[in-house]
Amino acid sequence: MTRIDVTDELIVALIELSELCKDREQEYLAQAQRVPTREVKELFTWYAQRRAQEASELQGALRRLGGEPLPRRSGGKIAFHTVAEPPSPPMREDETAMLSACERKEAIAIERYEHALEMSWPADL
């Protein structure tokens, strides 16, 4: 594989991860609006802020490799997904179900990060 091919693979991985973080941020913000408990609302808001920070860091790495983040469509969802997510089961409006749904999606995110970590990354990233 040539250096260009490796760089292209890294760019795609960074785009996927940054878009995943932005999607998760939006989902946590939406959940924060739906829960009645202040503590859980704060938890969802904190996770949303973390995902926004992670997306920003990934986009910085993406730019260092010569890539650009994807444009967002109205409504916050990404314009292009390269990896399909399994559908989420319908959620009840109780906090336990909301937390469980977020936990499942975080497990998917961890799998994607682990896959990306298997790639050959430059030392400065």
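Rings of Phe, Tyr and Trp (its six-membered ring) are taken to pair if their centres lie within 6.5 Å, with planes under 30 degrees apart counted as stacked, over 60 as edge-to-face and the rest as tilted. In this predicted model, local features need pLDDT of at least 70 and side-chain atom pairs count only at pLDDT 80 or more, while totals for chains, interfaces and linings use all residues. Residues are numbered from 1 along each chain as its sequence is written, and side-chain values use heavy atoms, with hydrogens and water left out.

Tyr28 and Tyr47 form a stacked pair, because their ring centres are 5.2 Å apart and their planes stand at 20°. Tyr28 belongs to helix α1 (residues 3-34) and Tyr47 to helix α2 (residues 38-64), so this pair ties together parts 19 residues apart in sequence; helices here are DSSP runs (H or I, at least four residues), numbered from the N terminus.

Burial is judged by relative accessible area: under 20% is buried, over 50% exposed, and in between partly exposed (1.4 Å probe, protein chains only). Tyr28 is buried at 3%, whereas Tyr47 is partly exposed at 27%. Tyr47 also meets Trp46 edge-to-face, with centres 5.1 Å apart and planes at 75°, and Trp46 is partly exposed at 45%.

Ring pairs join Tyr28, Phe44, Trp46 and Tyr47 into a cluster.

Technical notes: Helix = DSSP H or I, 4+ residues; strand = E, 2+ residues; numbered from the N terminus.
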